[in-house]
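Let us walk through a protein model in short questions and answers. Keep the sequence and the 3D view open as you read.

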Amino acid sequence: YPDLACVPCHSSHTYSSVGAGFCNACPRNQYLKQNNALDLGKCMPCSKDTWSPPGSVGSDACQDRKPCKEDDVEESYTSCLGNKRDLVRHWKEPVTCKVDEDEDLLKVRPEEKGLPCPECENHQERTHQRECEPILTSGCAKGSYVVTELVLKKFFEWPRNMSQEVSGPAGVETGQADVVGGWKVEDEALKMTTGSGSDGSWSVQLLLDAEIIQPPGLMNFSLMLPRDVRWGSDVRFQINGMPMESHPNFTSKVTERDGFFKFSVQVFGTLAAGHHRLSWHYSSDFDKDDEVVAKFVQIWIQGAAGAGGSKCAKCPSGSEVAPGSVSCRICSPGSFLEDDSGKCSTCPS
């Protein structure tokens, strides 16, 4: 492709046509034809009943579709309405199996309607029998505010303010729970599972946006990793695009344990007031069958906007309770805190 001069495409998985300004990768179920200069800009479709991962090169990359099994079916739920929701079954993406219409598993096990909605996370309740909303304690004493706590540990549903970005040979895909090759809410857990259908380099970012309205924004999270996944290399944590190691107020503790999840990782730290983007990164070559490579136990952030709260705390000296009752604000110059009202008042002239 042209820059100041023509530059080769960076990978054997990518191609360009004559006069191109960029390189492309063939999408899923297609492959780049080899050894033919006239076809370097063409992606060829795999034959019927075969499939290929993104970025495939050569017809040998097309693999036979095997008969579909129970493991190829994925379950999801509709939004709650009237405190009820439906269970929907669909083929796990990417669909690499051969669907037998005479024994279609989706028809054998149809969707289930009218199931009860799950319980909400801590400090939340289901308002109007619909979505979970934060709840705040009432009746804090004069000069005290509600301490908010964002708690994610039940994982019945995809968490709010959380998104993900999956990068592979064919490009970048962003979204929430429906991104192929990304994190999923499954079996009441938030899991990262391999088996995206790509044999090239793959990386996933799980993103959580949080605003701290009352510092210090105490934070901790814990997750589980299997034996062959390493904390700090395969899985990494960043705050506002910077590695955790560059933040001296954050520490991690890794404990070995028995079972499939060999390592328990706990991270503790504080976040300053303001907006923060928290991100968990995983990168590897996805060339094996489905395998869980990480599972969250919980995420906890104190002083977060939009979260619920169940306890009160006294505002620091020289501060009053801010509107909304979930944070404090310092009395401005020329004012003081009245003991009787707990409010800032203008100094007498």
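Q: Which handedness does the disulfide of Cys26 and Cys43 have?
A: A disulfide is a pair of cysteine sulfur atoms within 2.5 Å. In this predicted model, where local features need pLDDT of at least 70, side-chain atom pairs count only at pLDDT 80 or more, and totals for chains, interfaces and linings use all residues, the sulfur atoms of Cys26 and Cys43 are 2.2 Å apart. The torsion about their S-S bond is about -95°, so the disulfide is left-handed.

Residues are numbered from 1 along each chain as its sequence is written, and side-chain values use heavy atoms, with hydrogens and water left out.

Q: How many residues apart in sequence are the parts that Cys26 and Cys43 tie together?
A: Strands (E, at least two residues) and helices (H or I, at least four) are DSSP runs, numbered from the N terminus. Cys26 lies in the loop between strand E2 and strand E3, while Cys43 is in strand E4. The pair therefore ties together parts whose separation in sequence is 17 residues.

Q: Is Cys46 buried or exposed?
A: Buried means under 20% relative accessible area, exposed over 50%, and partly exposed in between, with a 1.4 Å probe and protein chains only. Cys46 forms a disulfide with Cys62. Its relative accessibility is 13%, so Cys46 counts as buried.

Q: Which cysteine sulfur is closest to that of Cys347?
A: Cys347 is partly exposed, at 38% relative accessibility. The gap from its sulfur to the closest cysteine sulfur is 9.0 Å, too far for a bond. That closest sulfur belongs to Cys331.

Q: Why is strand E26 largely enclosed by the rest of the structure?
A: Strand E26 spans residues 292-302. It is largely enclosed because, of its 11 residues, the number buried is eight.
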